[in-house]
Amino acid sequence: MKTTEKKTALVTGAGGFIGSHLVKRLKKEGYWVRGVDLKYPEFSPSEADDFVIGDLRDPLVCDKITDISFDELYQLAADMGGAGYIFTGENDANVMHNSATINLNMLESSRKAKIKRIFYSSSACIYPEYNQLDPDNPKCSEESAYPAAPDSEYGWEKLFSERLYLAYHRNYKMDVHIARFHNIFGEEGTWTGGKEKAPAALCRKIAQAKENGEIEIWGDGKQTRSFLYIAECLEGIRRLIKSDFTGPVNIGSEEMVTIDELANMIMGIADKKISLKHIKGPTGVRGRKSDNKLIQEKLGWAPDCSLRYGLERTYPWIEKQLTVKKHA
């Protein structure tokens, strides 16, 4: 059981990409950590002091894992993935039902357990599609979320859950902190199987391609995004939960690139010449990047890590995974 002298943290979604990295960060800071997920982390053993395999759609599981009054809860558990999972429409019911049920259960269990501080990971997918039609000038400032018009059911569920956490904050005086993540990437993230995001998918395709070969890009490649390296995401999470600011607030990069530019940057890191073939496929909004004015104002900090820095660490890791898989 936990060491009482240490601060305690509960990380739900601890088997996932961000959750497993967050557990490592909290352990380095001296926390006693309980991780919960449907699965263990895929690429390295969890560093959690206690890891529970459990389905948070079951309220009894949520009550069981909150058997102590944790100092901090990080609610990262969700049904999610990249464009190939979120934007096809084929997974909408599961995405909305599973994630909403998890949030309803975890908030109620946290209320009963009197958990002191709660972090909830929302998403840039909540922003209205009508503000993201111009790839060169997307508007993703926090107050622009309404009138609401997310481009996916994933975004609608995240927006509902933001309001759910804020309602518990108002009605039960729970100390809640909400962040909207913008395309987090890095080592030990999903890189194959259909749920991977653009940086990982392109790293994989380029690593697999032969010199002067060809890879496929969904859409015309001119859609824009910003991508944030995992270490900066963790820093933002920790700063937010320690602050007196509830949010919601963006945690993302303001460095915007087209998908073609992202592919070319990865090719440069891989030292490969590859041509891009544009095909039909799910692309999401036309343009999106983080607006960091509010986080700078409220926390006195904003991410400033370059995209290239993160890719220089992510590409070799994915290249190594392909080698491991090939010889498995």
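**Reading the model step by step**

Analyst: Arg225 is buried, with a relative accessibility of 9%. This is a predicted model, and Arg225 sits in strand S9 (residues 224-226).

User: Which residues does Arg225 touch, apart from those up to four places away in sequence?

Analyst: A contact here needs heavy atoms within 4.5 Å. For Arg225 the list is Asn183, Glu255, Met256, Val257, Ile259, Thr283, Gly284, Val285, Arg286, Gly287 and Arg288. Another way to look at the fold is by C-alpha separation. Arg225 and Asp136 are 89 residues apart along the chain, and their C-alpha atoms are separated by 9.8 Å.

User: How do I read an aromatic pair, and how many does a search of the whole structure find?

Analyst: The angle between the ring planes gives the class: over 60 degrees counts as edge-to-face, under 30 as stacked, and the rest as tilted. The search finds 9 aromatic pairs. One of them joins Phe43 and Trp317 edge-to-face, with 4.8 Å centre to centre and 90 degrees between the planes. Phe43 belongs to the loop between strand S2 (32-37) and strand S3 (50-53), while Trp317 belongs to helix H10 (residues 307-326), so this pair ties together parts 274 residues apart in sequence. Trp317 is buried at 14% relative accessibility, whereas Phe43 is partly exposed at 25%.

User: What kind of aromatic pair do Tyr168 and Tyr172 form?

Analyst: Tyr168 and Tyr172 form a tilted pair, at 5.2 Å centre to centre and with 55 degrees between the planes. An α-helix has 3.6 residues a turn, so residues three or four places apart point the same way. Tyr168 and Tyr172 are 4 residues apart in helix H5 (residues 153-172), which puts about one helical turn between them. Tyr168 is buried at 14% relative accessibility, and Tyr172 is partly exposed at 44%.

User: Which residue lies over the face of Tyr172?

Analyst: Arg111 does, at 5.0 Å from the ring centre. A second case is Arg313, which lies over the face of Tyr309 at 3.5 Å from the ring centre. Aromatic rings can also group beyond a pair: Tyr74, Phe119 and Phe181 form one aromatic cluster.

User: How do I read a helix, taking H1 as the case, and how many of its residues are buried?

Analyst: Begin with length, then ask what covers the helix. H1 (residues 17-28) has 12 residues and spans 17 Å from first C-alpha to last, close to the 16 Å expected at 1.5 Å a residue. In H1, 9 of the 12 residues are buried, among them Phe17, Ile18 and Leu22. The elements covering those buried residues include strand S1 (8-12), S2 and helix H7 (230-241). Just after H1, Gly30 has a positive phi of about 90 degrees.

User: Is H7 largely enclosed or largely open?

Analyst: With 9 of its 12 residues buried, H7 is largely enclosed by the rest of the structure. Its buried residues include Ile230, Cys233 and Leu240. H7 reaches 17 Å from its first C-alpha to its last, close to the expected 16 Å.

User: Which helix gives the largest share of the lining of the second largest pocket?

Analyst: A pocket is open, whereas a cavity is a space from which the probe cannot get out. H1 gives the largest share of this pocket's lining, 4 residues. The second largest pocket holds about 150 Å³ of space, and its lining residues include His21, Lys24, Glu47 and Leu234. The structure also has 1 cavity of 30 Å³ or more. Among the residues lining the largest cavity are Ser20, Val23, Lys24 and Glu47.

Technical notes: Residues numbered from 1 in each chain as written. Predicted model: local features only at pLDDT ≥ 70, side-chain atom pairs only at ≥ 80, totals over all residues. Heavy atoms only, no water. Phe/Tyr/Trp six-rings, centres within 6.5 Å; stacked < 30°, edge-to-face > 60°. Helix = DSSP H or I, 4+ residues; strand = E, 2+ residues; numbered from the N terminus. Buried < 20%, exposed > 50% of the residue type's maximum accessible area, 1.4 Å probe, protein only. Lys NZ or Arg CZ within 6 Å of the ring centre and 35° of its normal. Expected span 1.5 Å × (residues − 1). 1 Å grid on protein atoms, 1.4 Å probe; cavity = no way out; pocket = protein on both sides within 12 Å on 5 of 7 lines; lining within 4 Å. Points joined across faces, edges and corners; volume = space filled by probe spheres on them.
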